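Biologist: Please show me the structure, and then I will ask about it.

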Amino acid sequence: MRIDAGLSKLLGLSRSAVAGLAEAGDVLVDGSPAGKSDRLMAGSWLEITLPAAEQPLQVVAVPVEGMKILHQDDDIVVIDKPIGVAVHPSPGWEGPTVVGGLAAAGVQIATSGAAERQGVVHRLDAGTTGVMVVAKSEHAYTVLKRAFKERTVEKRYHAVVQGLPDPSRGTIDAPIDRHPRHDYKFAVVTGGKPSITHYQTVEAFRAASLIDVKLETGRTHQIRVHFSAIKHPCVGDLTYGADPVLARRLALTRQWLHARSLSFEHPSGGWVQFESEYPDDLQNALNELRDQDG
């Protein structure tokens, strides 16, 4: 394997991080500096100098404009996440976060989990809007983490994808992992993590289709990757091959993808369901598609 790919798997670092180490001369193979594209050979002696440990990430209590609390009780808080908000702090992210917004609103969440993501039982991408739940009690954290792991939580998304998927109702079962060439993307790859997406067309237009998506697994970028793989990328998703002309026509600056509803067994008992309305940019794009077909 190449140095960047092999050491990425070995050390759990991104390929770009490994490339940076190689460029700095911090990767030696049999005593000689190695480039990121050099090959790893069986029996070689590797010496890697890792950078000093970074300071732990801190949650900063900052109000998040547009973030709504849909429900709150002693165990959970359910929010409607707006665009451009990460769930928790991460290296390189300087924007608003869900946990920071909850702290600013005076909502105390569970202390289980890493310091920067305490109470977080699942995530949405910063560029994806919609409904998500955060645990407030330690009991809720344990119960919900297990429920997400065992796939007993029903996560439904709405997406507008280019063209008309055929069949109009079906399942995409294709493994996903890091893109072999672009570290910031994911892709359907042999040997990737099992990934299953169920979908049903709700409304069809000349240029695109509104679909209801039920995730059986929860891989990073799963919906975006799967629909790109079958040649029906989410409208506006230029990272995964969407048509930029159509995106401009609909005034979209991100993928048309929304976490529509979340259903699960409440930690205190009973099945609950929460829904989120489309934000303005997605609703306006949908209205434009309807007007163009009308």
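The questions below concern domains and a cavity.

Modeller: This is a predicted model, with local features needing pLDDT of at least 70, side-chain atom pairs counting only at pLDDT 80 or more, and totals for chains, interfaces and linings using all residues. Residues are numbered from 1 along each chain as its sequence is written, and side-chain values use heavy atoms, without hydrogens and water.

Biologist: How much area do domain 2 and domain 3 bury between them?

Modeller: An automatic or database assignment sets the domain bounds, with domain 2 at 54-150 and domain 3 at 151-293. Buried area is the accessible area (1.4 Å probe) that two parts lose on being put together, summed over both. Carbon and sulfur atoms carry 62% of it, and the total is about 1,900 Å².

Biologist: Which residues form the salt bridge, and how many Å apart are the closest N and O atoms?

Modeller: A salt bridge needs a side-chain nitrogen of Lys or Arg within 4 Å of a carboxyl oxygen of Asp or Glu. The count between domain 2 and domain 3 is one. The partners are aspartate 125 and arginine 224, with the closest N and O atoms 3.9 Å apart.

Biologist: Why does the largest cavity lie between two domains, and which are they?

Modeller: A cavity is a set of points on a 1 Å grid over the protein atoms alone where a 1.4 Å probe fits but cannot get out, and lining residues have an atom within 4 Å of a point. The lining includes His122, Val131, Lys155 and Ser261. Two domains give residues to this lining, so the cavity lies between them: domain 2 and domain 3.

Notes. 1 Å grid on protein atoms, 1.4 Å probe; cavity = no way out; pocket = protein on both sides within 12 Å on 5 of 7 lines; lining within 4 Å.
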